[in-house]
Amino acid sequence: MARPPDLKTLGELKAAVGSGSWLDSRDGVEPFLTDFRKLYHGATPLVLLPRSVDEVARVLRICDREEVAVVPHGGNTSYCGGATPDASGSQIVLSLSKLNRVRQIDAANYSMIIEAGCTLAAAQTAARDAQRLFPLSLGSEGSAQIGGNLSTNAGGTAVLRYGMMRDLVLGLEVVLADGRVLHGLKSLRKDNTGYDVKSLFVGAEGTLGIITAASLKLFPAPADTATALVGIDSPRHALDLLASLRTAAGDHVTSFELMPRLAVQLTVKHITGVADPLAQGTPWYLLIELSSPNAQQALLTLLTAALEDAAARGIIVDAMLASSIAQSQAMWKLREAIPEAQRHHGASLKHDVSVPVSAIPTLIEEGAALVHRLAPEGDVVSYGHAGDGNLHFNVSQKPGADIKSFMARGPMLELAMFDLEESLGGSISAEHGIGRLKAAEFARRADPVELAVMHDLKRALDPKGILNPGKVLCVR
Ligand SMILES: Cc1cc2nc3c(=O)[nH]c(=O)nc-3n(C[C@H](O)[C@H](O)[C@H](O)COP(=O)(O)OP(=O)(O)OC[C@H]3O[C@@H](n4cnc5c(N)ncnc54)[C@H](O)[C@@H]3O)c2cc1C
């Protein structure tokens with residue numbers, strides 16, 4: 001069990017990173033104490049901002065010796081409270097934000113080595129400057145960091161084509177709980193040498209080691225892109241359209257996002273400069289993107305033909321194809337501003353869930369019935385990465401509803417939603433992770449053998465339990 005640091009240890013930790021790289025005043029530490037959703041507020045005696053892997057290693061050696069708990073902190077955009085210290089005031093926060101260099105871009109190898117504190121947007125820019133693509137894309141990319149993306153195994157809007165963060169990693173540099181450095185920054189596509197150790201740290205939410213740098217896969221930069229906003233009557237038609245698009249365009253189908261009409265209405269209402277370009281007012285919208293590195297692919301023609309065919313078969317009701325980059329960006333803004341619009345609208349209950357793609361319509365129908373029964377003060381705003389089987393099954397407070405009684409419905413609704421997903425072969429966390437928010441429920445629902453293996457790994461890599469205690473795994 002970790003214990004509070006004494007004054008001597010705090011002094012040693014400050015010396016390990018040097019002046020200008022630590023904060024201990026009330027105002028200085030405050031920005032590190034609350035999670036993005038404001039679900040948790042913690043306390044800490046010290047925030048450290050190391051600038052090198054050696055400094056991180058020095059910090060961990062001291063924490064290991066003194067059994068001081070360390071909470072790694074990236075861009076603080078995660079939805080599960082993983083980067084927030086607890087209220088005891090005994091955990092130190094380790095921010096990776098100053099470890100933010102691009103160490104190497106190897107365009108011929110389609111790879112780059114980048115430090116954990118680089119924002120995702122900076123990583124995308126570095127790849128673009130080398131005429132390459134780093135394909136992870138999230139609404140929070142301006143603030144979220146590569147270390148946070150790795151530690152939550154982030155997904156986003158291009159998983160259908162490129163996979164999740166785990167699929168984009170070639171190698172990692174990690175500081176272990178005792179301060180040893182795992183130098184694993186290989187940039188190889190083929191490396192069959194024993195266990196895939198790096199994979200353990202992806203999605204571990206800082207509980208097994210501190211990621212300091214990563215070797216990431218790059219891809220050819222897209223030279224042709226076609227974007228469309230499509231109106232449909234039912235999520236079942238979304239599946240029909242996805243299947244025919246995959247037949248027509250194969251791997252060029254990059255994004256396939258589903259939105260209910262209410263999400264579109266809230267976004268138009270609350271976000272400046274957002275408009276709904278479709279006239280028919282269908283109950284569901286799809287945002288579809290095809291992309292290719294080949295400029296001669298004529299994706300707009302291909303997408304137009306596929307949508308005309310779908311309209312003729314009664315699968316879609318309405319569609320608008322983007323004829324400029326500005327139009328495509330406006331369509332994406334409509335999709336990506338949904339969480340912000342929901343925040344402006346009022347309180348919401350959030351569920352980041354996944355099921356097999358084929359079960360998406362059932363999840364929506366049966367989930368809506370649960371909301372009707374268990375949280376009647378709410379409206380369902382279930383949107384997201386339908387092409388990956390992942391919906392943010394959110395429920396927004398109805399206008400004028402009492403916020404307290406609405407929020408009080410949360411725990412009961414959440415359990416019912418988890419039961420529903422389980423019955424459909426789904427997951428209680430599709431892409432946001434477990435953090436503190438879902439640790440108890442995860443312990444209750446995970447396969448017991450899988451959970452035991454996770455505890456064994458935790459004990460092996462962090463025997464004193466100093467790395468992000470209380471996140472992912474409940475203490476046994
Ligand atoms: C508007 C918005 C849209 C979003 N859209 C998506 C989406 O489409 N898909 C998706 O997957 N997520 C999405 N998210 C959630 C979030 O952005 C991601 O989970 C992101 O990957 C978190 O990165 P971060 O740097 O902010 O991590 P943080 O929130 O700082 O930390 C997340 C976890 O990782 C740990 N951690 C951070 N850095 C390190 C490190 N270097 N080493 C070890 N552990 C570390 C922390 O302790 C914590 O447990 C969205 C969030 C917002 C606000």
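Author: Let us begin with strand pairing: P72 stands opposite L94 in strand 4, where strands are DSSP runs (E, at least two residues) and helices are DSSP runs (H or I, at least four residues), both numbered from the N terminus. This is a predicted model, in which local features need pLDDT of at least 70, side-chain atom pairs count only at pLDDT 80 or more, and totals for chains, interfaces and linings use all residues. Residues are numbered from 1 along each chain as its sequence is written, and side-chain values use heavy atoms, with hydrogens and water left out.

Reader: How many bridges join strand 3 to strand 4?

Author: Two strands pair if DSSP finds at least two bridges between them. Here four bridges join strand 3 to strand 4 (residues 92-95), and the two run parallel.

Reader: Which way do the residues of strand 3 point, and are they buried or exposed?

Author: Buried means under 20% relative accessible area, exposed over 50%, and partly exposed in between (1.4 Å probe, protein chains only). V70 and P72 point one way from strand 3, V71 and H73 point the other way, and all of them are buried.

Reader: Which residues are closest to the ligand?

Author: A residue counts as near a molecule if one of its heavy atoms lies within 4 Å of it. On that basis 35 residues surround the ligand, and the closest are P72, G74, G75, T77 and S140. Helix 5 gives the most to this shell, with four residues.

Reader: What polar atoms lie by the nitrogen and oxygen atoms of the ligand?

Author: A polar contact is a pair of N or O atoms within 3.5 Å; within protein, one must be able to donate a hydrogen and the other to accept it, and residues adjacent in sequence count only if both atoms are side-chain atoms. A backbone N or O atom of S78 lies 2.9 Å from an oxygen atom of the ligand, a polar side-chain atom of S151 lies 2.9 Å from a ligand nitrogen atom, and a polar backbone atom of G156 is 3.3 Å from a nitrogen atom of the ligand.

Reader: Where is T227 found, and is T227 buried or exposed?

Author: T227 is found in strand 12 (residues 224-232), and its relative accessibility is 2%, so T227 counts as buried. The side chains of T227 and S328 are joined by a polar contact of 3.1 Å.
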